[in-house]
Amino acid sequence: MGTPLNITKSQRTFIDQDTDRPTPYLVVDIEIVARKFRSLADALPGVTLHYAVKSNPSAAVLATVLELGGCFDVASPGEIRLCVEAGARPDQISYGNTIKKRADIAAAYELGIRLFSFDADAELDKLIDLAPGATVMCRVLTSGGGADWPLSRKFGCEPKMALDLLTRAAAAGMKTGLAFHVGSQQRRPEAFDDVLAEVGEIVSQLTDRGITLDVLNLGGGFPATYLDAVPTPAAYGRAITEALARHLGDKKPYLIAEPGRYLVGDAGVIVAEVVLVSSKGDADDRRWVFLDIGKFGGLAETLDEAIRYRITTDRDGSEMGPVVIAGPTCDSADVLYDKSYYELPLELTTGDRVLIHSTGAYTTTYSAVSFNGFAPLASFDVGVAGN
């Protein structure tokens, strides 16, 4: 099982060399990104890794993925531009968003991108019209059970609908693919088996219709390490390999996966400051600890307390007590942890520095541009990819 990580020597050196640097800010150690990429690649032999750019589009992260032989999953023209600027070829980019403007499909196709996702008739119409001959991956609905951040309902369609859509795509001269996502921060390796059983049925029925599936996108879901331990990449690799053999046998198409959180989550640490410690009266003995970062500053995944980050302070080791943790904005929704039980040192006070661990994913990209006038989350990259 993966265990909670401490900050690296490179991060500590960067943080300590300028203690007056304005907070909050994120520090990402590129060496961890590289190590995570290699670990997942080893666990998934024969699977091409398409890094989910939306999790952290840092130029250093993109360069590291390319250096290690990875490709990219993008959600918008802006992310396509970032990948191209990093040196990616069009055939290294998958346009994974199932909701695309016609103009954006046309521009991506003109650039040379030939791999697109969809999950609806109307989206397939666009692709047939604007991306003739491309490979179109129909995304299948999943339950998201076992995931801290489910991706069900909004994305995907029922298996019967996917079968019919791919039949129509093949008749229109498109190459065909299937895609799914078991949910972000998926704690159950066996969740892949649940979906691949459905995929196997679709592939079998496509074969009966004379259609050969060209690509299968296994999606993401590989977890970062927050408060609780999670299974290792090897555990996911075994579960996926066994499920593919069980449900597809010798009918396996070209395989890709879309890791995001796993590659960059544990590589980042946010440095923040305590703005205020207060109480609400005798009815609740918990202190309220207000930080200079909250939901709108990059910690949006604390919505419903889904993602529970590990928090440490310079006063750790002293007596602890229960707290509610909140952000700095004038919005009542900007409370990070109230239902979840957190303890922080009793002597914690205004101006103290706190570290929020495993925050390399979905923080800078969720940070508001200027909500309440606060600046977006600053980010710095340290370390090197190594060998």
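Before I looked up any side chain, I wrote down that a residue counts as buried when its relative accessible area is under 20%. I also noted that I am working with a predicted model.

I first looked up Cys71, and because its relative accessibility is 8%, Cys71 counts as buried. I then searched for disulfides and found zero in the structure. Cys71 is accordingly in no disulfide, and the nearest cysteine sulfur, which belongs to Cys83, is 9.9 Å away. I went on to Cys138, whose sulfur has its closest cysteine sulfur in Cys157 at 3.6 Å. Since a disulfide requires the two sulfur atoms to be within 2.5 Å, that distance is too far for a bond.

Entry on the fold. I looked up the secondary structure and found ten helices and 18 strands in the chain. Among contacts with a separation of 6 or more, 72% come from residues 24 or more positions apart.

Entry on overall form. I checked the radius of gyration, which is 22 Å, and this agrees with the value near 21 Å that a compact globule of 387 residues would have. The C-alpha trace spans about 70 × 40 × 40 Å along its principal axes. I noted that 53% of the 387 residues count as buried.

Entry on surface and charge. The accessible surface comes to about 16,200 Å², and carbon and sulfur atoms hold 52% of that area. I found 37 positive and 51 negative side chains, with the centres of the two sets 4 Å apart.

Terms used:
Residues numbered from 1 in each chain as written. Predicted model: local features only at pLDDT ≥ 70, side-chain atom pairs only at ≥ 80, totals over all residues. Heavy atoms only, no water. Buried < 20%, exposed > 50% of the residue type's maximum accessible area, 1.4 Å probe, protein only. Helix = DSSP H or I, 4+ residues; strand = E, 2+ residues; numbered from the N terminus. Rg over C-alpha atoms; globule rule 2.2 N^0.38 Å. Contact = heavy atoms within 4.5 Å. Areas by Shrake-Rupley, 256 points an atom, 1.4 Å probe, with all protein chains shown as cover. Lys, Arg positive; Asp, Glu negative; His and termini not counted. Charge placed at Lys NZ, Arg CZ, Asp CG, Glu CD.
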